[in-house]
Amino acid sequence: MALSLGFGVLVDLDHFVDYWYSEGRVCFDWKTFMATRYWRKSGRLFILFHAFEYLPFVFLAWQALKGRRWAVAATAAMSSHIVADHLVNELRPLGYFILYRLAHGFRADELMDPERVRRQEALLRERKRRAERAPRPWYERLVGLFV
């Protein structure tokens with residue numbers, strides 16, 4: 001369980017690096033942090049831990065350290081996180097490859113898909129309008145943290 005948490009959830013710690021780069025500080029106010037589109041302000045998108053290239057290394061390292069079961073668990077947790085992010089976030093198709101981001105100088109305007117950004121921002125505006133009219137049920141607020 002701890003291994004899945006580490007590779008499935010804690011991989012998101014790299015967002016603090018991006019936020020710090022954009023804001024010059026790390027904010028621990030959850031609502032402010034989650035509402036920030038830091039890549040717009042800084043023009044850069046690093047997300048250094050989110051990369052498909054790391055998966056073979058994660059597998060091989062854990063297989064050498066603890067065996068095949070541990071390697072599969074770590075790799076499955078990290079890959080499911082990256083695939084889910086890839087499906088719901090606004091990066092271009094190759095955006096979750098660190099070498100692609102590096103080749104583009106981590107410049108957000110070259111990494112982001114403008115059409116997906118437009119759709120996501122329209123969805124966020126609609127959620128905000130609905131929230132102003134009436135409070136959302138707890139399950140919608142929970143889903144909003146992840147999608």
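Predicted model: local features only at pLDDT ≥ 70, side-chain atom pairs only at ≥ 80, totals over all residues.
Is the crossing of helix 5 and helix 6 right-handed or left-handed? Helix 5 covers residues 54-66 and helix 6 covers residues 68-88. Their crossing is right-handed. The two axes lie 7 Å apart, at an angle of about 155°. Because angles over 145 degrees count as roughly antiparallel, helix 5 and helix 6 are described as roughly antiparallel to each other.

Next, display the side chains along the contact. On helix 5, select Tyr 54, Leu 55, Val 58, Phe 59, Trp 62, Gln 63 and Lys 66; these meet residues of helix 6 that include Trp 70, Val 72, Met 78 and Ile 82. The residues of this contact comprise 11 nonpolar, three polar and two charged.

Remain on helix 6 and select Ser 80. This residue is partly exposed, with a relative accessibility of 45%. The side chain of Ser 80 reaches the backbone oxygen of Ala 77 at 3.0 Å.

Then proceed to the loops. Most residues other than glycine have a negative phi. Select Ile 47, in the loop between helix 4 (38-42) and helix 5. Ile 47 has a positive phi of about 30°, and the residue is buried at a relative accessible area of 3%.

Finally, select Phe 106, in the loop between helix 7 (98-103) and helix 8 (108-111). The phi of Phe 106 is also positive, near 60°. With 12% relative accessibility, Phe 106 counts as buried.

How values were computed:
Residues numbered from 1 in each chain as written. Heavy atoms only, no water. Axes fitted to C-alpha atoms, helices over the stretch in contact; angles between N-to-C directions. Helix = DSSP H or I, 4+ residues; strand = E, 2+ residues; numbered from the N terminus. Parallel < 35°, antiparallel > 145°, perpendicular 65-115°, else oblique. Left-handed = near helix turned anticlockwise from the far one by under 90°. Contact = heavy atoms within 4.5 Å. Nonpolar A, V, L, I, M, F, W, Y, C, P; charged D, E, K, R; others polar. Buried < 20%, exposed > 50% of the residue type's maximum accessible area, 1.4 Å probe, protein only. Polar contact = N/O pair within 3.5 Å; in protein donor to acceptor, adjacent residues only side chain to side chain.
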